[in-house]
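Keep the viewer open as you read.

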Amino acid sequence: MTKTVLITGGGIGIGRATAHAFGAAGYHVVVTDVLPDEGAAVVAEVQAAGGTAEFHLLDVRSTEQANAVVAAVEAKHGAIDCIVANAGIAHKVPLEELTDEKWDFTHDIDLKGMLKVIRPALPAMRAKGTGAIVCISSIMGIAYGWDQHVAYSAAKSGVIGLIRGLAVELAREGIRVNGIAPGYIRTAQLLNEKHSLGAAGADKAHEIIPMGRIGQADDIADVVLFLASHAARYMTGQVLVVDGGLLVGRY
Ligand SMILES: NC(=O)c1ccc[n+]([C@@H]2O[C@H](COP(=O)([O-])OP(=O)(O)OC[C@H]3O[C@@H](n4cnc5c(N)ncnc54)[C@H](O)[C@@H]3O)[C@@H](O)[C@H]2O)c1
C-alpha cells in the first residue's frame with residue numbers, strides 16, 4: 001500500500017526538496033504550507049515527475065488547522081506513515097528588541113508548531129503500530145549559539161528535546177522519531193539579507209565548510225528520506241548533523 005508523508009513548510013526550500021524526494025520514492029505526498037501558490041506548484045512538480053501529491057493550507061501555529069488537516073488526510077489515506085516537521089523561521093532580533101511577542105512568534109512556529117502537527121497524527125499511527133517522524137533542527141540548536149537569533153537557537157535546541165522525549169515515549173509503539181541539524185543550506189531562509197547570511201554570505205560560505213560547498217536543499221531531503229525508511233529501522237531519538245563537515249571542521 002502506498003505510504004503517505006505529510007510535510008510542513010513544503011512549498012519552498014528544504015520542504016519542497018523533501019516533497020520531491022518522497023514523491024520519487026513512491027510516497028503519496030501531502031504538501032502543507034502557509035504559501036498556497038508555492039504549495040500548489042510543488043504538488044504539480046511531484047505529479048509531473050510521476051508521483052502523487054495534494055496540498056493543504058496549514059499554519060503550524062494553529063491547533064485547529066493542524067487537527068483538521070490531519071483528520072482530512074487520514075480520512076482519505078488512513079494513518080499518516082511519516083511526518084516531516086520542517087516549517088521554520090529564523091528572525092534576527094538583537095536582545096534589546098527581543099520582546100515576549102518576538103520570542104513567542106519563533107517558538108510558536110519552530111518548536112510548538114511541530115507538536116501541533118505530530119500530536120493529532122499519533123492515535124492512528126499508534127493504532128497501526130508504525131510511523132516515522134523527522135523534525136528539522138539546526139546546527140544552531142545542537143552546537144552553535146547564533147547571536148541575535150537567541151529565540152531561534154533556543155527553539156531549535158528545544159526541537160532536540162522534543163525528538164528525544166517523543167522517541168522514548170513512542171518507541172514501543174513502532175513509531176520512530178529522529179531529526180536533522182542542517183548546516184548552511186542555500187534556501188530563501190539563508191539568502192534573506194535581513195535575517196541570515198544573505199547572497200554574499202552564501203557565496204562565501206564554502207570557504208569555511210570542509211567539503212568546499214554550501215548545502216543544497218536536496219542534501220537534506222535525501223537524509224530525511226533515509227530516516228523515514230526501513231534502512232533506519234533501529235534508529236530513534238537521534239539528530240543527524242548534515243553540514244558538509246562544518247561542525248567537525250571548526251577548531
Ligand atoms: N537553510 C538553512 O541553512 C537551514 C539551516 C538549519 C536549519 N534550517 C531549517 O530547515 C527548515 C526549512 O527551512 P528552509 O531553509 O527550507 O527555509 P525556507 O524559508 O525556504 O522554508 C521555510 C518554510 O516554512 C514555511 N513556514 C513559515 N512559517 C510557517 C508557518 N507558520 N506555518 C507553516 N509553514 C510555515 C515557509 O512558508 C516555507 O515554506 C526550517 O525549520 C529551518 O529553520 C534551515
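Two residues count as in contact if their C-beta atoms, placed from the backbone, lie within 7 Å. Leaving aside neighbours within four places in sequence, Val-29 is in contact with Val-5, Ile-7, Ala-19, Phe-22, Gly-23, Val-46, Gly-51 and Ala-53. A word on ground rules: this is a predicted model, where local features need pLDDT of at least 70 and side-chain atom pairs count only at pLDDT 80 or more, while totals for chains, interfaces and linings use all residues. Residue numbers start from 1 along each chain as its sequence is written.

Val-29 also turns up in the largest nonpolar core, which has 74 residues. Val-5, Val-29, Ile-83, Ile-133 and Val-224 have the most contacts inside that core. Such a core is a set of buried Ala, Val, Leu, Ile, Met, Phe, Trp, Tyr and Cys residues joined through C-beta atoms within 7 Å. "Buried" takes 20 or more other C-beta atoms within 10 Å of a residue's own, "exposed" takes 12 or fewer, and partly exposed is in between, with C-beta atoms placed from the backbone.

Now for the strands. Helices (H or I, at least four residues) and strands (E, at least two) are DSSP runs, numbered from the N terminus. Two strands pair if DSSP finds at least two bridges between them.

| Strands | Bridges | Opposite residues |
| S4 and S5 | 4 bridges | Ile-83 and Ile-133 |
| S5 and S6 | 6 bridges | Val-134 and Asn-178 |

Strand S1 (residues 4-7) is covered on both faces, with Thr-4 and Leu-6 buried on one side and Val-5 and Ile-7 buried on the other. From S1 the chain crosses through H1 to S2, and this β-α-β crossover is right-handed. That label means that, with the strands pointing away from the viewer, the path from the first strand over the helix to the second runs clockwise. S4, helix H4 (residues 100-128) and S5 make a right-handed β-α-β unit too.

In S4, Cys-82 and Val-84 point one way, Ile-83 and Ala-85 the other way, and all are buried. Strand S5 (residues 131-136) has 6 of its 6 residues buried. Gly-131, Ile-133 and Cys-135 point one way from S5, while Ala-132, Val-134 and Ile-136 point the other way.

Which residues of H2 are buried? They are Glu-38, Gly-39, Val-42, Val-43 and Val-46. These cover an arc of only 145 degrees around the axis, so they sit on the same side of H2; the arc is that of the directions from the helix axis to the C-beta atoms. On the other side, Pro-36, Asp-37, Ala-44 and Ala-48 are exposed.

What do the buried residues of H2 pack against? Their partners are helix H1 (13-24), strand S2 (28-33) and strand S3 (52-57). As for its length, H2 (residues 36-48) has 13 residues and reaches 18 Å from its first C-alpha to its last, close to the 18 Å expected. The expected span is 1.5 Å times one less than the number of residues. After H2 comes Gly-50, whose phi is positive, near 100 degrees.
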